[in-house]
Amino acid sequence: MSQYNSVNEEIKAQADKIKKQPLPRRIGYFWYYHKWQLIGGTAAVLLVGSILHTLFTDHQKLYLTGIFLNTRLTNIERAALIDEYASANGIDTEKYSVDFDCSLAYDLENPTDSVSTYTPVMMLAYSEGNVGDFAITDAKTFDFFGSAGYFQNLHETLDETLLSQHADRLYYYDFNDGNGSIPIAVDISDAPKASMLGYEKEDGVLFSIFYNAPHTEQALAFLTWVYSE
């Protein structure tokens, strides 16, 4: 007979135990208890996203979509950032859409809260729905999403100029697949505009490009802009 009085009580007890476990155990726990919500939620998000995408692009062409995880930006600051970026790069926002999603967050210490449960679903939707171009994440949280294989190998994406510029900033991840460590992010903590993105240098701010980003060139242009004075 179970020592717990309900499923919720068991989940809470297991959550308390898992906080002390290494990241792979935490990921396994999340999948075990939330896989059906994740699969169902992802399907729903992709369906709604597809419908909205069709309606939206009837009058406006997608230009750039970025996801800011655990950012401190408010809605007003987000809108101002979009305006400033579009203005600085001569983007006609009547014809083209620039969208920065600043609503997502993930708490490694409490992965079962409402926002943390919702965020992996949205990240999957942005990736597999061919909608997201780049993601910015604090270093503490990055590996959870980087391990999912969402992001491009930057050795294959950055040209010689950008590789030279960011050689010392590349963040390597080992997927334990026999291919060694792969650079899947750029540490932009020292970028002049890092604070404008809602992060502080001590956060260890990492910039990645989704493996199937529809606008890789625009994502790279954003990286260049972040380092402009």
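Reader: Hi! In strand 3, which residues point one way and which the other way?

Author: Phe134, Ile136 and Asp138 point one way, while Ala135 and Thr137 point the other way, and all of these are buried. Buried means under 20% relative accessible area, exposed means over 50%, and partly exposed is in between, with a 1.4 Å probe and protein chains only. Strands here are DSSP runs of E with at least two residues, helices are runs of H or I with at least four, and both are numbered from the N terminus.

Reader: Thanks. What sort of model is this, and how are residues numbered?

Author: This is a predicted model, where local features need pLDDT of at least 70 and side-chain atom pairs count only at pLDDT 80 or more, while totals for chains, interfaces and linings use all residues. Residues are numbered from 1 along each chain as its sequence is written, and side-chain values use heavy atoms, leaving out hydrogens and water.

Reader: Back to strand 3, then. Why is it largely enclosed by the rest of the structure?

Author: Strand 3 covers residues 134–138, and five of its five residues are buried, so the rest of the structure largely encloses it.

Reader: Which strands does it pair with, and do they run parallel or antiparallel?

Author: Strand 1 (residues 61–68) is parallel to strand 3 and joined to it by three bridges. Strand 6 runs antiparallel to strand 3, with five bridges between them. Pairing requires that DSSP finds at least two bridges between the two strands.

Reader: Can we zoom out? What pattern does the chain follow along the sequence?

Author: Going along the sequence, the pattern is α-α-β-α-β-α-β-α-α-α-β-β-β-α. That comes to eight helices and six strands. Of the 229 residues in the chain, 43% are buried.

Reader: And the contacts: what share join residues at least 24 apart?

Author: Taking contacts between residues at least 6 apart in sequence, 70% join residues at least 24 apart. A contact here is heavy atoms within 4.5 Å.

Reader: Switching topic: how many salt bridges does the structure hold?

Author: There are three salt bridges, each being a side-chain nitrogen of Lys or Arg within 4 Å of a carboxyl oxygen of Asp or Glu. One of them joins Asp203 and Arg72, with 2.8 Å between the closest N and O atoms. That pair links distant parts of the chain, 131 residues apart: Asp203 is in the loop between strand 5 (181–187) and strand 6, and Arg72 is in the loop between strand 1 and helix 3 (75–88).

Reader: Is Asp203 buried or exposed?

Author: Asp203 is buried, at a relative accessible area of 18%.

Reader: What about Arg78 and Asp99, how do their side chains meet?

Author: Those side chains form a salt bridge, 2.7 Å from N to O. Arg78 belongs to helix 3 and Asp99 to strand 2 (residues 96–101), 21 residues apart. Arg78 is partly exposed at 25% relative accessibility, and Asp99 is also partly exposed, at 28%.

Reader: And where do Asp190 and Arg169 come in?

Author: Their side chains meet in a salt bridge too, at 3.0 Å from N to O. Asp190 sits in the loop between strand 5 and strand 6, whereas Arg169 is in the loop between helix 7 (160–166) and strand 4 (170–174). Asp190 counts as partly exposed at 42% relative accessibility.

Reader: I'm curious about His215. Where does it lie, and which residues does it touch?

Author: His215 is in the loop between strand 6 (205–209) and helix 8 (216–226). Not counting residues up to four places away in sequence, His215 touches Leu62, Tyr63, Leu64 and Asp133. His215 counts as buried, at 15% relative accessibility.

Reader: Last one: how far does helix 4 reach from its first C-alpha to its last?

Author: Helix 4 (residues 114–128) reaches 22 Å with its 15 residues, close to the 21 Å expected at 1.5 Å a residue; the expected span is 1.5 Å times one less than the number of residues. Its buried residues include Pro120, Val121 and Met122. Asn130, which follows helix 4, has a positive phi near 55°.
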